[in-house]
Amino acid sequence: MDKVPHKKNHLSLRRPVLLMILLGLLALCLGAILLLNATQPMPDMPEQAETIWLLPRASQEIQSVTHSNRGSTPYTLQRDADGRFTLAEKPSIPLRSTLLEQLMDSLNALYAVHLVADAADSPLHLADFGLEPPQAWLTIRYQDGEEITLLIGKEAVSDVPQTYCMLGGGSRVYTLYTDLTEPFYYEAEYLRDFTQPELDAALLDRIDITGDITFSLSYTPSGWQQHTPFSYPLAKGRTDFLLSQIESMAFESCLGTPEEVDMDALGLTNPCLTVHLTQAASVISGVTAEGEAVSLDVPETTYTLLLGHETGKSGVYLQWEGMVYKASNFLLGFWKTLEPASFLLTSPINFLINDLIALSLETPTHTRSYTVQMVESITENNQIATDEYGQILYDALIYRAGDAEPMNAETFLSWYVSLAELAPSGKVDASYQPLGEPLAALTLQSQSVTRRLAFYPYDALHMALSLDGECLYYVERSFLTALNAAP
C-alpha cells in the first residue's frame with residue numbers, strides 16, 4: 001500500500017489584513033521623520049535685499065530741480081505758489097504738463113538696480129562709468145531746504161538697459177534703469193508748451209514751394225496739377241502720399257518767437273525752403289450741450305512754413321506761423337528730399353468716364369469728336385436704379401459729332417479703355433524739340449481740366465509724347481493703331 005505524502009501546511013493572510021499592516025508601517029515611518037525634524041532647527045530663509053531708493057522722498061516735497069547736461073544750457077524748474085512748476089529763467093512760458101509728470105514719475109521711481117562699486121572699499125576711476133564728468137546731473141531741492149545731487153553716467157553693459165549713477169558726495173556707484181533717465185536729458189525748450197499743426201489733407205487746395213526746390217501744384221477734381229516749374233498733371237499715388245506726410249507733420253520742441261532766437265544761426269533768415277499751404281474754406285458742424293445744431297464757417301487759410309539748417313541730430317529748424325521749432329527729419333525731412341519729376345503723371349489718359357465730358361482725335365486724314373453725358377439709369381419698371389447703398393446709378397450716353405442718336409456705349413468704352421494703357425517707354429533727349437505736324441493729337445476734356453496729347457516722330461519705333469506742350473517721354477509707335485481704331 002503506497003504511502004500518501006503529507007502536504008505542508010501554509011498560513012495565508014487575507015488581503016485586507018496585509019494592506020492594514022503596510023499602512024501601519026508607512027505611518028510609523030512618517031512619524032519618525034516628523035520626530036526627527038522636530039529636533040532639528042528650520043534653516044533661515046534668505047532675506048530679500050533691501051531696495052535702495054536714490055531719492056527716498058516723495059516728489060510732492062520737491063521745491064526745484066536744476067538740470068545740467070553736457071553740451072546744453074542748465075535750467076531750473078521751480079514750484080510756484082500754486083504748486084505748478086515753471087522755468088526759473090522764463091517763468092511766464094507755459095510748460096508741457098505731460099513732460100513734467102514724466103519727470104516727477106521718474107524721480108519717484110529711482111532705485112538702484114545694482115550696487116556696482118564703492119570708493120570706500122577701493123579707489124574708483126569714475127570716468128570709467130561716465131561719471132567724471134557726468135553725462136547729466138540734477139540737483140533736487142526739497143521744501144525744507146535739503147538738497148540731493150544725482151549724477152548720471154554712461155550706459156552699462158547688461159541685458160536690460162541700465163545706466164551708471166551716483167549721489168553727489170557719495171562713494172557708491174549704482175545702476176538704474178535707463179528708461180527712467182530720459183527726462184533728465186530734456187532741454188529747456190523741449191519743455192515749452194505748444195500746439196501741433198492740425199492740417200486736413202482732404203482740404204488742401206494748393207502747395208507752393210520755393211528756394212532750393214521749386215514746385216507748385218494745385219488740386220482739381222480730376223487730379224493734382226503741377227504749375228511750376230512747368231504745367232503738367234501729377235500722379236495720384238505720389239500726391240496722395242505727399243498729402244499724408246503733410247497731414248502727419250509734428251514738431252519736437254518750440255524754441256520761441258523769432259525775436260527769442262538767432263534766426264541767422266538757425267538758417268531761417270534765408271531759409272532753404274519756403275512752403276505755403278492753402279487749405280480750402282470749410283464748415284465745422286456740431287451740437288451744443290442743449291442739443292442745438294450749430295455750424296462755423298472756416299475761411300480759406302494759407303499757412304507758411306520755413307525750413308532752415310539741420311540741427312545736427314537728425315532734425316531740422318523751422319518756422320511755422322510765426323513761431324520757431326525743432327522737428328525730426330523723420331516727420332519733416334521729406335520737404336528737403338522732394339523730387340518734382342517723380343510726381344509727374346505717366347499714364348495721362350486716366351479720366352474716369354463719369355468725369356469725361358468730351359474727347360476729340362485729330363490725324364492728318366480725319367477728325368473724330370465725341371461728347372459724353374451721364375444720365376440716370378432707369379429700371380424695367382421705369383424707376384431710377386440705385387445700388388445696395390441707395391446711390392443713384394448712371395448710364396453713359398456717347399454722341400459722335402454729327403450724329404443725332406447716341407452710339408453704342410460699349411464700343412466707345414472698349415476703345416477708350418484700350419487708350420488708357422498708354423505708358424511711356426522712356427524719356428526723350430533733353431535737346432529734343434518736336435517739329436512739324438503731329439502724327440496724331442488727342443484732346444480730353446473733364447469737368448475741370450482740358451488735356452491735350454500730341455504725338456510726334458521720334459525714331460523708327462517710337463513717337464515723342466507732348467502733353468500740354470511739354471515733351472518729356474516717348475511711346476511705342478504701335479499706339480497709333482489703337483488711336484486709329486476710334487469707332
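Helices (H or I, at least four residues) and strands (E, at least two) are DSSP runs, numbered from the N terminus. The views below show a predicted model, in which local features need pLDDT of at least 70 and side-chain atom pairs count only at pLDDT 80 or more, while totals for chains, interfaces and linings use all residues. Residues are numbered from 1 along each chain as its sequence is written, and side-chain values use heavy atoms, with hydrogens and water left out.

**Figure 1. Lining of the largest pocket.** A pocket is defined on a 1 Å grid over the protein atoms alone, as an open set of points where a 1.4 Å probe fits, with protein on both sides within 12 Å along at least five of seven lines; lining residues have an atom within 4 Å of a point. The volume is the space filled by probe spheres set on the points, and grid points are joined across faces, edges and corners. The largest pocket holds about 890 Å³ of space. It is lined by 35 residues, and the closest to its centre are Glu187, Ala188, Glu189, Leu255 and Lys326. Strands β13, β18 (315–320) and β19 (323–328) each supply at least two residues of this lining, and β13 gives the most, with four residues. The lining divides into 14 nonpolar, eleven polar and ten charged residues. Here Ala, Val, Leu, Ile, Met, Phe, Trp, Tyr, Cys and Pro count as nonpolar, Asp, Glu, Lys and Arg as charged, and the others, Gly among them, as polar.

Figure 2. Ser253 counts as buried because its relative accessibility is 1%; buried means under 20% relative accessible area, exposed over 50%, and partly exposed in between (1.4 Å probe, protein chains only). Leaving aside residues up to four places away in sequence, Ser253 touches Glu189, Tyr190, Phe194, Val324, Tyr325 and Lys326, where contact means heavy atoms within 4.5 Å.

**Figure 3. Two hairpins that involve strand β11.** Two strands pair if DSSP finds at least two bridges between them. Strands β10 (residues 215–218) and β11 (residues 225–228) run antiparallel and are joined by three bridges. Ser216 stands opposite Thr228 in β11. Six residues lie between β10 and β11 in their hairpin, and Gly223 in the turn has a positive phi of about 125°. Strand β11 is also joined by two bridges to the antiparallel strand β12 (residues 232–233), where Tyr232 is the bridge partner of Gln226. The hairpin of β11 and β12 has three residues between the strands.

**Figure 4. Lining of the second largest pocket.** About 460 Å³ of space lies in this pocket. Its lining has 25 residues, of which Thr220, Pro221, Ser222, Gly223 and Lys236 lie nearest the centre. Strand β9 (204–211) and helix α3 (236–247) each supply at least two lining residues, and α3 gives the most, with four. The lining divides into 14 nonpolar, six polar and five charged residues.

**Figure 5. An open sheet of eight strands.** The strand order is β22-β21-β20-β24-β25-β26-β27-β23, and the pairing is antiparallel. The edge strands, β22 (394–400) and β23 (426–427), each pair on one side only. Within the sheet, six bridges join β20 (residues 356–362) to β24 (residues 440–446), and Leu359 has Leu444 in β24 as its bridge partner.
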